[in-house]
Amino acid sequence: KQWYQRRVAITAGIDAYYYGYLDDDDGILVKLEAEAEAKARKMAIEEWNLKKETGEIDKMLEEDERLEREEEQKRKEEKRKRMESDNEKEAEMEVEDSTPDIPSQQDVELELLRKKKMELLQKYASEDLQRSSQNAKALLGLSLNI
């Protein structure tokens, strides 16, 4: 507690004046700044009028307009290029979509199972049984593949 009390006693007198923030309150600096601002404003107005008389202002305005037109043309060109690239990407996607689908693992397994069933049926079933099975499937409208 003692160190805290000493610290409070030391810092009690420190305020904005200590850091120099309120040194400008004497009014001298404010007056000097007002005079300098008025002088700078007067010089800027004179410079503007001189440029206006010589035609530099018109040239500057024309240059600004030209630059704005060029920027607008660049934006339009970039937009057109983006749209073309988007159209190309869409065309590529259509080509990719037209490629045949790759069978999944389950499709492959089903096809292998079907082939294995056919082999076993041909190996162990008689020809009469196979013919009657195919006829029955044909009459029912089922696929002839097993």
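Modeller: Helices (H or I, at least four residues) and strands (E, at least two) are DSSP runs, numbered from the N terminus. Residues are numbered from 1 along each chain as its sequence is written, and side-chain values use heavy atoms, with hydrogens and water left out. This is a predicted model, in which local features need pLDDT of at least 70 and side-chain atom pairs count only at pLDDT 80 or more, while totals for chains, interfaces and linings use all residues.

Biologist: How many helices and strands does the protein chain have?

Modeller: The protein chain has 6 helices and 0 strands. Read from the N terminus, the order of its elements is α-α-α-α-α-α.

Biologist: And what share of the residues is buried?

Modeller: Buried residues (under 20% relative accessible area; exposed is over 50%, and partly exposed is in between, with a 1.4 Å probe and protein chains only) account for 3% of the 146 residues in the protein chain. The chain exposes about 14100 Å² (Shrake-Rupley method, 1.4 Å probe; for residues, only the protein chains shown count as cover), and carbon and sulfur atoms supply 54% of that area.

Biologist: How many salt bridges are there?

Modeller: The structure holds 8 salt bridges, each being a side-chain nitrogen of Lys or Arg within 4 Å of a carboxyl oxygen of Asp or Glu. One of them joins Arg41 to Glu37, with the closest N and O atoms 2.9 Å apart.

Biologist: Why are Arg41 and Glu37 separated by about one helical turn?

Modeller: Arg41 and Glu37 are about one helical turn apart because they lie 4 residues from each other in helix H3 (residues 28–54). Glu37 is partly exposed, at a relative accessible area of 49%.

Biologist: What about Lys51, which residue is its partner?

Modeller: Lys51 forms a salt bridge with Glu47, and their closest N and O atoms are 3.4 Å apart. This pair also sits in helix H3, 4 residues apart, so about one helical turn separates Lys51 and Glu47. Lys51 is partly exposed with a relative accessible area of 25%, and Glu47 is partly exposed with 45%.

Biologist: Now helix H4: how many residues apart are Arg66 and Glu63?

Modeller: Arg66 and Glu63 are 3 residues apart in helix H4, so about one helical turn lies between them. They form a salt bridge whose closest N and O atoms are 2.3 Å apart. Arg66 counts as partly exposed at 30% relative accessibility, and Glu63 is partly exposed at 34%.

Biologist: Which residues are linked with Arg66 in a network of salt bridges?

Modeller: The network of salt bridges links Arg66 with Glu63 and Glu70.

Biologist: Changing topic, which residues form the nonpolar patch on the surface?

Modeller: Ile14, Tyr18, Tyr19 and Tyr21 form it, with about 520 Å² of accessible area together. Patches take residues with over 30% relative accessible area and no salt bridge, joining like charges within 9 Å and nonpolar side chains (Val, Leu, Ile, Met, Phe, Trp, Tyr) within 5 Å.

Biologist: Where is Ile14 found?

Modeller: Ile14 belongs to the loop between helix H1 (2–11) and helix H2 (16–19). With a relative accessible area of 31%, Ile14 is partly exposed.

Biologist: Finally, how many residues does helix H6 have?

Modeller: Helix H6 (residues 127–140) has 14 residues, and from its first C-alpha to its last it reaches 20 Å, close to the 20 Å expected at 1.5 Å a residue. That expected span is 1.5 Å times one less than the number of residues. Just after H6, Gly141 adopts a positive phi of about 80°.
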